[in-house]
Amino acid sequence: MTQKLPSPASPLKIGTRGSPLALAQAYETRARLGAAFDLPEAAFEIVVIKTTGDRVQDRALREIGGKGLFTKEIEEDLLSGAIDIAVHSMKDMPVAQPDGLLLDCYLPREDVRDAFVTLDGKPFEALAQGAVVGTSSLRRRAQLLFRRPDLQVVEFRGNVQTRMRKLSEGVAEATFLACAGLNRLAMDEVKRTPIGTEAMLPAVAQGAIGIERRSDDMDAATMLEAIHDTPTGQRLAAERAYLTALDGSCETPIAGLAMLEAGSVRLKGEVLRPDGSECLEDAGSAPIEDAAALGQDLARRLLARAGAGFFDWRA
């Protein structure tokens with residue numbers, strides 16, 4: 001059967017959130033598809049969808065439902081046919097997907113590191129005793145308090161631009177942002193110090209863009225296959241299986257990173273108490289074809305060490 005390609009008269013509708021970073025990721029997807037099939041920009045339509053997570057900015061994610069708040073409305077539009085594909089930041093994606101949807105296309109992964117951000121560019125080590133740091137990430141909060149329990153951590157929701165404005169208003173002295181987002185937005189003016197993964201293990205799938213489609217849409221499947229980055233998919237197979245086995249959500253401080261090494265995948269994982277009082281680490285390696293099994297095994301080992309109540313919120 002001949003594949004039906006989009007055209008200006010019948011464009012492929014790409015669903016996305018409306019933040020500058022989400023739009024940059026949608027534009028990258030459009031550019032890669034256009035280059036792969038020699039199609040003009042007019043053969044694609046960017047459809048902005050406002051999610052619950054975007055609308056509710058005055059409360060922590062754990063208080064209003066977690067990661068699915070950034071995907072629910074987008075996935076509903078995908079299932080209804082209002083859009084043809086959806087572009088997501090993979091670190092925001094729940095591990096369970098609605099029936100009828102498939103996530104099997106990933107773009108080449110960006111820098112996975114977190115960046116320590118201040119208005120004057122001073123490094124993390126220069127933070128004074130009791131300084132105020134803003135973050136909306138429970139993982140970053142727990143990692144920060146584990147290393148520096150003297151610091152004060154305040155809730156810091158919003159996109160990159162909003163968080164920079166909050167810094168300028170003095171809400172906090174410093175914050176953490178993903179290097180990937182800053183790079184994709186070309187925000188070279190933001191003073192930042194990248195934090196090595198050995199010092200601050202990133203969120204599962206940080207720096208990766210995933211593209212979701214309807215499982216029965218073979219035209220979309222063929223197009224997305226042309227831009228899929230296999231190494232990123234192999235790494236995320238381990239990381240997402242690890243997260244699934246941990247039952248990860250915005251209420252659980254979990255970090256994980258897989259790297260490819262000569263035909264094998266090495267996965268490092270970290271779980272923390274929400275108040276930062278304890279951190280458990282483990283790592284393992286396996287052949288690439290066993291990436292998912294590696295993730296599940298690492299999660300089981302960490303859960304066995306953590307015991308009941310480890311993730312209970314006590315801060």
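View 1. Arg213 is buried, with a relative accessible area of 5%, where buried means under 20% relative accessible area, exposed means over 50% and partly exposed means in between, as computed with a 1.4 Å probe on protein chains only. This is a predicted model, in which local features need pLDDT of at least 70 and side-chain atom pairs count only at pLDDT 80 or more, while totals for chains, interfaces and linings use all residues. Residues are numbered from 1 along each chain as its sequence is written, and side-chain values use heavy atoms, with hydrogens and water left out. The side chain of Arg213 meets that of Asp104 in a salt bridge of 2.9 Å, N to O, a salt bridge being a side-chain nitrogen of Lys or Arg within 4 Å of a carboxyl oxygen of Asp or Glu. Arg213 lies in strand β10 (residues 209–214) and Asp104 in strand β4 (residues 101–106), so the pair ties together parts that are 109 residues apart in sequence; helices (H or I, at least four residues) and strands (E, at least two) are DSSP runs, numbered from the N terminus. Asp104 is partly exposed, at a relative accessible area of 33%.

**View 2. The salt bridge of Glu28 and Arg184.** By the salt-bridge rule, the count for the model comes to 18. In one of them, Glu28 is joined to Arg184, with the closest N and O atoms 3.8 Å apart. Because Glu28 belongs to helix α1 (residues 20–37) and Arg184 to helix α7 (residues 179–184), the pair ties together parts that are 156 residues apart in sequence. Glu28 is partly exposed, with a relative accessible area of 22%, whereas Arg184 counts as buried at 17%.

**View 3. Helix α1 and what it packs against.** Helix α1 has 18 residues and reaches 26 Å from its first C-alpha to its last, close to the 26 Å expected at 1.5 Å a residue; the expected span is 1.5 Å times one less than the number of residues. Its buried residues include Ala22, Leu23, Ala26, Leu33 and Phe37. The buried residues of α1 pack against several elements, among them β1 (12–16), β2 (44–48), β3 (85–89) and α8 (218–225), contact meaning heavy atoms within 4.5 Å. After α1 comes Asp38, whose phi is positive, near 55 degrees.

**View 4. The aromatic rings of Phe124 and Phe176.** Rings of Phe, Tyr and Trp (its six-membered ring) pair if their centres lie within 6.5 Å, and planes under 30 degrees apart count as stacked, over 60 as edge-to-face and the rest as tilted. By this rule the count comes to four aromatic pairs. The ring centres of Phe124 and Phe176 are 6.3 Å apart and their planes stand at 50 degrees, so the pair is tilted. Phe124 sits in the loop between β5 (114–117) and β6 (132–134), while Phe176 is in strand β8 (residues 174–178), 52 residues apart. Both Phe124 and Phe176 are buried, and ring pairs link Phe116, Phe124 and Phe176 into a cluster.

**View 5. The surroundings of Thr135.** Thr135 is found in the loop between β6 and α5 (138–147), and Thr135 is buried, with a relative accessible area of 3%. Not counting residues up to four places away in sequence, Thr135 touches several residues, including Arg140, Val153, Phe156 and Thr175.
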